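These are my notebook entries on one structure. I set down what I looked up, topic by topic.

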Amino acid sequence: MTSPSAALSYAELLDAVAESHRTVEATLEGMTDDQAREPSLLPGWSRGHVVTHLARNADALNRFAVGVITGEAAPEMYPGGPAARAAAIEEGAGRPAELLVADFRFAGRRVIESLRRITEDLYETPVNWRQRVPARQVPVLRWRELEIHHVDLGLDYSAADWPAAFVEHTLESELPALAAKHPDVGVPELLRTELLAWVIGRPTREGLPPVPAWPF
């Protein structure tokens, strides 16, 4: 993952994250228990899995934020590693819709509040994401989780609904990353939202060139 756009400040990124969180909340308000158990657009995951993942991701990023603030860095994103992460998602996926939404709401709001407490002098503090990244990038990680998995829910929110700022911000880093690591992949001429959907492995139409697994 490359550096976030200089066009958006840390505070502006957090405002965008908060708006994306509110948009997901609004979508989930009307989700029924039956809908929560139906398949999402992610193979093998119900909507309950996606919502639980978003909540646990918020918890993980909150641990990063708190570690930055206190000076006691979280050693890893998910305590117990990938197996514990998968078990937590599986365990939470079958809950009633009301509990799923409450979990998402609390965890998502809490991480935003924690990230707002990170001051400018702490922006370069490293956190142990998939690779070490500076704390100023944590809002970007959450923004991507919210917007991409909002589409994955399959509840009347599609790539066409992505905020333009999100599309441009993400393409700004991911198109160069794709070109650097996979120069043989031809980039199709598409609308910007469709181009981002293609880059992240969620193409909106058939016949597009295959793209390696994202993130690069």
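The model I examined is a predicted one.

**Entry: aromatic pairs**

I looked up the pairs and found three in the structure. I then took W143 and F166, which form an edge-to-face pair with 5.3 Å centre to centre and 70° between the planes. That label follows because planes over 60 degrees apart count as edge-to-face. W143 lies in helix 6 and F166 in helix 7, so this pair ties together parts that are 23 residues apart in sequence.

A separate look at charges over rings gave R85, which lies over the face of Y78 at 5.7 Å from the ring centre.

**Entry: nonpolar core**

I next asked which residues have the most contacts inside the largest nonpolar core. They are L28, M31, L115 and W162, in a core of 64 residues. I listed the elements that give two or more residues to this core: helix 1 (10–28), helix 3 (47–70), helix 5 (97–116), helix 6 (138–152), helix 7 (164–181) and helix 8 (192–199). Helix 3 gives the most, with 10 residues. The general background I recorded is that nonpolar side chains tend to be buried together in soluble globular proteins.

Leaving aside residues up to four places away in sequence, L115 touches Y10, L14, A65, V138 and P139.

**Entry: helix 1**

I checked the span of helix 1. Its 19 residues reach 27 Å from the first C-alpha to the last, close to the 27 Å expected at 1.5 Å a residue. Its buried residues are Y10, L13, L14, A16, V17, A18, S20, H21, V24, E25 and L28.

**Entry: salt bridges**

I looked up the salt bridges and found that the structure holds 14. I examined three of them individually, as follows.

R116 forms a salt bridge with D15, the closest N and O atoms being 3.2 Å apart. R116 lies in helix 5 and D15 in helix 1, so the pair ties together parts that are 101 residues apart in sequence. R116 is partly exposed, at 43% relative accessible area, and D15 is likewise partly exposed, at 43%.

R22 pairs with E19, with 2.8 Å between the closest N and O atoms. Both residues lie in helix 1, three residues apart, which is about one turn of the helix. R22 counts as partly exposed at 47% relative accessibility, and E19 as partly exposed at 40%.

E38 forms a salt bridge with R47, the closest N and O atoms being 2.7 Å apart. E38 counts as partly exposed, at 35% relative accessibility, whereas R47 counts as buried, at 8%; the cut-off for buried is under 20%.

Lastly, I traced bridges with shared partners. They join R56, D59, R95, D103 and R110 into one network.

Notes
Residues are numbered from 1 along each chain as its sequence is written. This is a predicted model: local features need pLDDT of at least 70, side-chain atom pairs count only at pLDDT 80 or more; totals for chains, interfaces and linings use all residues. Side-chain values use heavy atoms; hydrogens and water are left out. A nonpolar core is a set of buried Ala, Val, Leu, Ile, Met, Phe, Trp, Tyr and Cys residues joined through side-chain atoms within 4.5 Å. Buried means under 20% relative accessible area, exposed over 50%, partly exposed in between (1.4 Å probe, protein chains only). Helices (H or I, at least four residues) and strands (E, at least two) are DSSP runs, numbered from the N terminus. Contact means heavy atoms within 4.5 Å. A salt bridge is a side-chain nitrogen of Lys or Arg within 4 Å of a carboxyl oxygen of Asp or Glu. The expected span of a helix is 1.5 Å times one less than its number of residues. Rings of Phe, Tyr and Trp (its six-membered ring) pair if their centres lie within 6.5 Å; planes under 30 degrees apart count as stacked, over 60 as edge-to-face and the rest as tilted. A charge sits over a ring if NZ of Lys or CZ of Arg is within 6 Å of the ring centre and within 35 degrees of the ring normal.
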